[in-house]
Amino acid sequence: MNLYQTQKMFLVFFFLNVVQTALPSSGQHQTIFFLTSGFCVKRHHRLCLLPACSHPLLSFCCSVFRAEQVFLCVCFDMFHLPVLRNRRTLLERAEKFISGVYFTDCNLRGRLYGESCPLETIDSFLSPNRITFSEASQQNFDPYHIGDTFGPTWWTCWFKVSMTIPESWRGKEVHLLFESDGEAMVWRDGQPVQGLTKEGEKTSYILSECLKDEEPHRLTLYVEMACNGLFGAGQGSMIAAPDPNRKFSVHKTELVIFNRNVQKLLTEFEMLVDIVKELGEGEQRGYQALFTANEMVNLCDPSDPSSFSKAHSLAHKFFSQHNGESQHTVHAMGHCHIDSAWLWPYEETIRKCGRSWVTAVSLMEKDPEFVFTCSQAQQFEWVKNWYPGLFTKIQHYVKRGQFIPVGGTWVEMDGNLPSGESMVRQFLQGQRFFNQEFGMLCKEFWLPDTFGYSAQLPQIMQGCGISNFLTQKLSWNLVNTFPHNTFFWEGLDGSKVLTHFPPGNSYEMKGKVEDLVKTVKNNKDKGRANHSAALFGFGDGGGGPTQLMLDRLHLIKDTDGLPRVQMSSPDKLFSQLQADSALLCTWTGELFLELHNGTYTTQAQIKRENRQCEVLLHDVEVASSLALCQNQTFVYPVAKLQQLWRLLLLNQFHDVIPGSCIGMVVEDALNYYREIHGDGAALLQEACEALGSKGGSTGVFNSLPWERHEVIQITDDSEKPRLALVRAPSVGVSLVKETQPLTPVSVTLQADGAVVMENGILQTIVRKDGTLTSLRVISANRETISDGCAGNQFVIFDDVPLYWDAWDVMDYHLQTRKPVVEVVQPVQVVSSGGLRGSVSFALRISDKSTVTQEIVMDAVCPYIKFNTKVQWAESHKFLKVEFPVRVRSPNATYEIQFGHLQRPTHWNTSWDWARFEVWAHKWADLSEHNFGVALLNDSKYGYSIHRNTMTLSLLRAPKAPDAVADMGTHQFTYAIMPHTNSFQDASVIQCSYNLNFPLRLIQCHPDSEPWSAFSVSPPSVILETIKQAEDGKGTLVVRLYESHGGSVTATLNTNLPVKEAWHCDLLERRDPARPALITPEGISLTFKPFQIVTLQLIL
């Protein structure tokens, strides 16, 4: 620059200052330009041109600079010339200003990170197993280059990263950027410190919030990278079977300066833009947000951080305009729903918990208002064992009320399929764990993602000290919209719990305006409830809340046009809802999800194993309790039973027992079942040995609370298996003393190839293809099978859902019904009568699948069994069996936990036909006055009873997320039981227990007398459970329930030396105000319909 140019520059700044002082003050920020040919100096970046004649000083400027024209450019912000304020252009302008895709070279988003610096070294070690940090840190690491691939799926790649932070970054916020397509955990000083996943919007770890000299500038960190994404590794779609050979890579890793002021401004812009979108064109407040955002763009120069404060001021003014007193209040709670297994195996869930929870704890360390809710005691136990340092921090934040255990159960179990006792144990194990580790009990049941909710859950909740319930899954209903968000849910026995469905219809909100607006708009109880929950954080595959979500919620905690937002807890939410509950409605009965009906049938082997393990653990506890009283040397297997129960409860997670999981999870679950079978059988044998006096005679153990008279198979060491008709006392043991039936079974082969079987109770005709053309109740001379129809008809359907393959069966599948008619082996006699008559046959389902069946009629048995074996190799097919019966009734009855309920057999309304496929446990019954038919099973859960056709669902063949789901050999038994009178009086309930709970053979002394420990009268009350109390020897816990649906006074008879009897809740906490009355006849008890009663018996 020469002397002349220097003089000109000096004069320019001189005149700018003179002009600025000479111009009238407007109270607004002024922007001044001085322009002449080839010369421009600006004081700001917005301009409005004024000609030289508009001010006398400019004439002098013209002569000094020998220019024909000089312009003084002055801008008064917010008072610039009018522009066309088009909503679309201004909205898109603001969007592009913060876009991460468009114009990042000049917009605000492009300034989020400042300087960057490469890492010094990055080395890696690949392992096929999930190993501990201490083991991994001792391995040999090799150099890694960004972009190199590693894998395959489910392996683990450990990285050792060394870095030096530049001295010049002093006072800056420094992050380690680490972007990959896997899930990662950062380890520092041997402790987990941060989860990383691109899908969960966590791609950086904060090394320093403000770098100081005394902080270490040279660091070595470890990064544990799981070779799977947040949602596993589906091949082609999220729910597809995993790609076992997928490769992974690190896309970027470097040190960067993070500009927190840019992030704050981006959040303000984002929330304003979202307010514009969500409130729409009809709201004044939306236009205020639009014009505020536009003026912020005008004021904000991305390259000049000094301009940010003015934009912040505008945003602050907008967000500080508060609501009125009547505005809806949203209770924001951080949450991280983690499926204990789903599209990934159990072991990976352990690491998902670690990654997610350590991130939540780090947020708590910075934000004392942040509250995080977390369910599933099993996951807490995993973290305790795998990450003890993290668990200690969690205990600290539980005490502070920020990390809140919720739910009270061992896992978030399926709400339909587990037995009643299994549901009790979910709460018993969960609540005891939370009490032992945190000194607290959960007050709310937390089950946001389960496929329906049993009508007995309210009573079970109340019995476990829980009076509140939160879920949202019924928002997935395919047909009908559930009419409430906040209401009282009344169960089968009349128990009520305050229930809340977050109106935003999600358990993984992001703290966005959309979430809050939906919460208010979707609230179906406006005027009755003015408080709602908003659960925020990445979920299903973990991840949890982020700092950005917290920033969003803090920004709009009380902003006009939006609901009030407060960081809250479940206790605060439900306390407020309870206080304002006077106008709430009541929903009575089950909460039926009108979707995912296929989960009652998918993965049949898991369902069979679940049922068998429930039975086995029941019998182990009964036998062990009796042995404890009969044998002073017997030690009740407390620890082993707890271990086995917890394995069973784990497999009842809501994506495992329903079958909606990948094949690896199925393998894990079946291995756990094998462990339960093996260890459980050993425990049962030990108990039975202690129970039976020493000797070489064959005895029988009956774990059910009624006398049984039935045919069993006996295997002696010296003889072939043989049949025997035996009597077994109620909850007791006896020698096998064979008896003969009054009416033996007869089997008659007819000329047309059909077979007639009769046992004095029933008579049936079995055609050559295995179908029943007749089934008569002899005493009433009443035919069961409908005219012109056949029972035991196998049918197959096309089964192609809309998307959720393992989950859904759609109503339109019913239009594709095809009977299975090709006979491979016609009916032939297997057992010719006496104690048992049976015939067998085989059908071809397709060129890939067959069914072989033995139809069994036993002496003195009121039902016919169908022992079935299927070789199954289908694709998207659904196998069922039908029984059209001579019964007319608008309702059918289905067994559920601790009781039964009715559902319609017609499709009058959308609520009716949405239940074209329903669930039940051991039986379903269709009855008219004085006659009915029950369909029993030993391992199935899917039923359909439409008009007079009773259908049991047997097998499905989905291909996602397990490509080989249900392929292979299946064995199961179902039974048909026609009866006179009601199903209650006909002992349908007891017969379904008999079908599922076998009499157990034991060794007894030949002089042993029959011995019964317990019996109950009347038979409407069922003794379901006998076990040792959790908190002490010398005390038994017994659980009973009323099964018929009526009030009754009952007597529990026992031959055990009971000193005292006390009522207790399902957590086995004694009620000191309610001793049970012991009379010479037994313990007297009163029951309401379907009531569960639990007693402590002091021996």
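## A look inside a predicted protein chain

The protein chain has 20 helices and 60 strands; both are DSSP runs numbered from the N terminus, helices being H or I with at least four residues and strands E with at least two. This is a predicted model, where local features need pLDDT of at least 70, side-chain atom pairs count only at pLDDT 80 or more, and totals for chains, interfaces and linings use all residues. Residues are numbered from 1 along each chain as its sequence is written, and side-chain values use heavy atoms, leaving out hydrogens and water.

Let's start with the whole chain. Along the principal axes, its C-alpha atoms fill a box of roughly 135 × 60 × 60 Å. Of its 1099 residues, 60% are buried, meaning under 20% relative accessible area with a 1.4 Å probe, protein chains only.

The structure holds 9 cavities of 30 Å³ or more. On a 1 Å grid over the protein atoms alone, a cavity is a set of points where a 1.4 Å probe fits but cannot get out, and lining residues have an atom within 4 Å of a point. The largest cavity has about 280 Å³ of space; a volume is the space filled by probe spheres set on the points, which are joined across faces, edges and corners. It is lined by 25 residues, and Ser419, Gly420, Glu614, Lys922 and Glu1024 are the closest to its centre.

How values were computed. On a 1 Å grid over the protein atoms alone, a cavity is a set of points where a 1.4 Å probe fits but cannot get out, and a pocket is an open set with protein on both sides within 12 Å along at least five of seven lines; lining residues have an atom within 4 Å of a point. Buried means under 20% relative accessible area, exposed over 50%, partly exposed in between (1.4 Å probe, protein chains only).
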